[in-house]
Amino acid sequence: MFRKSALALLSAGLLGAGLLAALAQDAPRFGSWGVDLAAMDKSVRPGDNFSDYVSGTWQRNAVLPPDRSRIGGFTDLQILSEKRLRAIIDELRTRPAAQLNVDERKLRDFYDSWMDTAAIEADGLKPLQKDLDQIAALTTPAQVAALMASPRISAGSLYGYGIGVDDKHPDSYSLNLSQAGLGLPDRDYYLSDNPELVKTREAYRKYLADMMTLGGLSDAPARADRVMALETEIAKVQWARADRRDADKIYNPMLVADLKALAPDFPWDAFLKETGIPLTTPGGARYVIVAEKTAFEPLARVFAATPVSTWRDYLIVHYLHSMSSYLPQRFDDLDFAMFGTVLSGRTQQLDRATRGVHLLDGQMGEALGKVYVARYFPPEAKAKADALVSNLLKAYAADIQTLDWMSPATKAKALEKVRQFTPKIGYPTQWRDYTALKIVPGDLVGNVQRAGLFEYDREVARINKPVDRTEWGMTPSTINAYYNPSFNEIVFPAAILQPPFFDPKADDAVNYGAIGAVIGHEISHGFDDQGSKYDGKGVFQDWWTKEDRANFDKRTAMLVTQYDAFEPLPGLHVIGKNTLGENIADNAGLAIALKAYHLSLNGKPAPVIDGYTGDQRFFLGFGQVWRSKMRDSAIRTLTLSNEHTVDMFRPIGATRNLDAWYDAFQVTPDQKYYLPPDQRVHLW
Ligand SMILES: [Zn+2]
């Protein structure tokens, strides 16, 4: 199954003044050797709060703009990417049409259809009317199930599906099925007694009613109550997040006949037919891979017990939600009030041009990315990043040989896996071909739907073909990175290879603490609690001895306990089980990056700069990447529904397990996040 472990969940931030100008200069972007010393708060002892020590002054002075839910290292760069993509699009719009190539014309026409708010207002619901009529005309459960599977109308469904790479046979694609159906970020939002979540679901109930009213439905509050009751029933039978990330639990291949027997109350034939995915393979009948197996039957029961009229309301309101950005202002505002304000704390929508950039990045990202790379990603940056990745992999290999808790047999396999990593840096070697995508001037809804179908058809067309390993899951302008276990690959888009992550003009120690720890993080995903279940060829199979696995689990269980104790808001704790993979990657990535930094010194002592030792600068570089200021509702949503620990605890959680950090900053037992040596988790 194609699953990616990314570095971060992104939202957006504030661009430091003059960042573009600074990038073109000779000095490092931050301070005189890579770290913004003015951001530090030296009145905080490093062991009391390492995030505040590194960034406390910045944190106090940073202002969250109303249209962002967080600001900091990631989001500054995100805004830079937005500005650059916008400059590319603005330039396309000023050039005569005859000078645009086919992709450029599509980008321009798509963007113009997004910017034409007068036409969007004038059209009202007309562009969706045919689809809404189709939903309103549903009379049988089989018709409802077919609509849920529609690749064109994204109106919500009890079951999600997608084409991925088969975990056990990474040379083939598979049809994967999973639980779905909720409008709020997680089942807890429907079931918990936490007053904040109770408030959020009341806001959602009102949102459902208001959206139905806007959509022209009568008696909306009563309909909203029924949809809310339906989603609550769905939430009750869904799997919890921690189980959903367990590769062993979610790999359940079965024939369609077995699927029907597993959940007989759902009209699978109608659903699967609508997907258009061939149910045969060159080898015979297709196996489908079911994720949350024991939820499938009760979900089907919820399906059968719900009147078609309630399903119609559910599908209409979810469809309006998914298309609200492309509808008149009143739909867009209503949707933002729920998903932008209640769930993320933003009080103002991003400006329309920036949202247009996001739209194109999402729908035609490789056409835009190609131009981005040509302008903003010099070949030298790729060469330098290649070298860093190779150093990190060497450090990993060296480290594995020294482990006292792993047997020689497992070590040999781990080393083989390190050798088989594929790094992808900057941008894809093969760009997506958008020839088959039709973009029509002035038809925003049609363009969005055709772009969605273009991608869908591309995936369906290749399901029985050999797996394409050249593909990328992120666009070049994305500030993020990921590990894909099925390909055993680590992927770094061009835009993350910039300060504060990577600055060729900065001190080496800072770069190793920043991009080095990011690279180490992604490599570590190949050895985290789930990634370690895949071998070097990307096959999901156990290559560990029982004893080694038990040793590993004992160590990672300690990390779960450590992170459970973090409390980003009063009463709100990090969920150690949900975030374990990411926390392992943070801890292991930092340890490996430090090792790589030490190796890079070739036995010479590190220089002292401005009174800071090499190791101190390394940890400051790491802390600086994660400086961040977030809105409370964004902290809550991230903590409850994301696999990443909230930003402020990432430097704290990783450093406190490293002995070298205690030495670097003389952290003593009286400091808040001090861990006695026997409680520090050393994985790699
Ligand atoms: Zn990660």
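I started with Val165 and found that its bridge partner in β4 is Tyr173. Strand names here follow DSSP runs (E, at least two residues), and helices are H or I runs of at least four, both numbered from the N terminus.

Before going on, I noted that this is a predicted model, with local features needing pLDDT of at least 70, side-chain atom pairs counting only at pLDDT 80 or more, and totals for chains, interfaces and linings using all residues. Residues are numbered from 1 along each chain as its sequence is written, and side-chain values use heavy atoms, with hydrogens and water left out.

**Sheet.** I looked up how β3 meets β4 (169-179): they run antiparallel, joined by eight bridges. Pairing takes at least two DSSP bridges between two strands. The open sheet has four strands, ordered β3-β4-β8-β5, with mixed pairing.

Angles run from 0 to 180 degrees between N-to-C directions, and axes are lines fitted to C-alpha atoms, for helices over the stretch in contact.

**Helix pair.** Next I took α24 (580-600) and α25 (614-625), whose axes come within 11 Å and cross at roughly 140°. I logged the contact (heavy atoms within 4.5 Å): α24 brings Leu590, Ala593, Leu594, Tyr597 and His598, while α25 brings Gly614, Asp615, Arg617, Phe618, Phe619 and Phe622.
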